[in-house]
Amino acid sequence: MFGLEALDLARIQFAFTISFHILFPAITIGLASYLAVLEGLWLKTNNGTYRDLYHFWSKIFAVNFGMGVVSGLVMAYQFGTNWSRFSDFAGSVTGPLLTYEVLTAFFLEAGFLGVMLFGWNKVGRGLHFFATVMVAIGTLISTFWILASNSWMQTPQGFEIVNGQVIPTDWLAVIFNPSFPYRLMHMATAAFVATAFFVGSSAAWHLLRGKDNPAIRKMLSMAMWMALIVAPIQAVIGDFHGLNTLEHQPAKIAAIEGHWENKGDEATPLILFGWPDMKEERTKFAVEIPYLGSIILTHSLDKQVPALKEFPPEDRPNSTIVFWSFRIMVGLGFLMIFTGLWSLWLRKRDTLYTSRPFLYLALWMGPSGLIAILAGWFTTEIGRQPWVVYGLMRTADASSNHSVMQMSITLILFVVVYFALFGAGLGYMMRLVRKGPKIDEGKETNDGGPGQKRTPARPLSAADDHADADHTVTKEI
């Protein structure tokens, strides 16, 4: 297929499926915590705006959560179907870590998700809030175990190799491997930032169309406060993550920088833009800033950054891809910080909700967090190549023995099914977003509880609010 080998097709298939999957958990993580904050503020202030926003975003959360679960199942199966030799080599580490995720995060979410989505007015306020918090914690626990597994593949620790298989010897070292803390903070923060801009973009869309009410304004206000505070924090975390990567994966940093060789004792410049050519071993059309590479990556004016030519050609990541994926991520990060600062300036001038240039920027920044997450994951995963477990197992040695024809057929099927299934899901989710929150949408008839009248919640339904509740519940089931 297009002159590609079976290994190339297996990598493309995994990249394609994980690109879909990573978007849904990122929004799930952010929205779960956002819902917990909204319900907590409602309980504290009794302000109905927070309740209305909770009911609005819980519907979107439910759809997104379902798509995340479905896309995640495919990822697990691929380890056995397309990467069986990797599973045989490192399954004693990755298998238990993914099992821990199921035993903690999935069980926690499964236990409380039904109460959260369908228990409004059916259980007491305190219990419902507790369920929402548990679901939010469950998403973060899931992030913990997934990042522990992936980080171990980046910086493996706490093991020995016996008969060609990895045997864990220190589970604390396995889990808390050198890159894990930085990657966990970076990913969790990215999920919060991406969700903030998704929420802010939704609010901007409604304000630009003249739908101005307290709920819409609160959406934009909370989203911009999050962007203002968290986007700069993410930049700081990214700096620490970069220093950690320089220590443990210097070839990845060299590829990200498009830096091929050091000259004498000169400090390393920062290449802003250019085109790394893997064949010619140079970065064409480079626009450099002297000393800045050393300042950013070593925090000094004289230390040098490792160069790609210091590594054998077969051990070099594809600099052409990671050079630009990293710059897309960083560029969007700076734009997020700018958006947050602009919102603060407009807030002080009392024009945050009426400045159309800003609202258009907030609208177009909606997918920026998700694009940045994808760019960051491409940088991380392609930058790890040619290793599937860094320094231990090459990607070429990890794949199953499939033919080009087999991989071509499955890849085409994945593309067709994913675009049909998740395209429909995303379309439905955007339909919910366009409806917007309705004032008094979540007004209770009572506090719920045993022996009291209960009004079923309809988190997955975009039907008219005046529809018969029992009919709606029956239809959804």
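Which side chain meets R316 in a salt bridge? The partner is E281, at 2.7 Å from N to O. A salt bridge here is a side-chain nitrogen of Lys or Arg within 4 Å of a carboxyl oxygen of Asp or Glu. R316 lies in the loop between α9 (292-298) and α10 (319-348), and E281 in the loop between β3 (270-277) and β4 (282-289), so the pair ties together parts that are 35 residues apart in sequence. Helices (H or I, at least four residues) and strands (E, at least two) are DSSP runs, numbered from the N terminus.

The model is predicted: local features need pLDDT of at least 70, side-chain atom pairs count only at pLDDT 80 or more, and totals for chains, interfaces and linings use all residues. Residues are numbered from 1 along each chain as its sequence is written, and side-chain values use heavy atoms, with hydrogens and water left out.

R316 is buried, with a relative accessible area of 12%. E281 counts as partly exposed, at 26% relative accessibility. Buried means under 20% relative accessible area, exposed over 50%, and partly exposed in between (1.4 Å probe, protein chains only).

The whole structure holds 10 salt bridges. Another of them joins E381 and R183, at 4.0 Å from N to O. This pair links distant parts of the chain. E381 sits in helix α12 (residues 368-384) and R183 in helix α6 (residues 180-208), 198 residues apart. Both E381 and R183 are buried.

D52 forms a salt bridge with R51. Their closest N and O atoms are 3.5 Å apart. Both D52 and R51 are buried.
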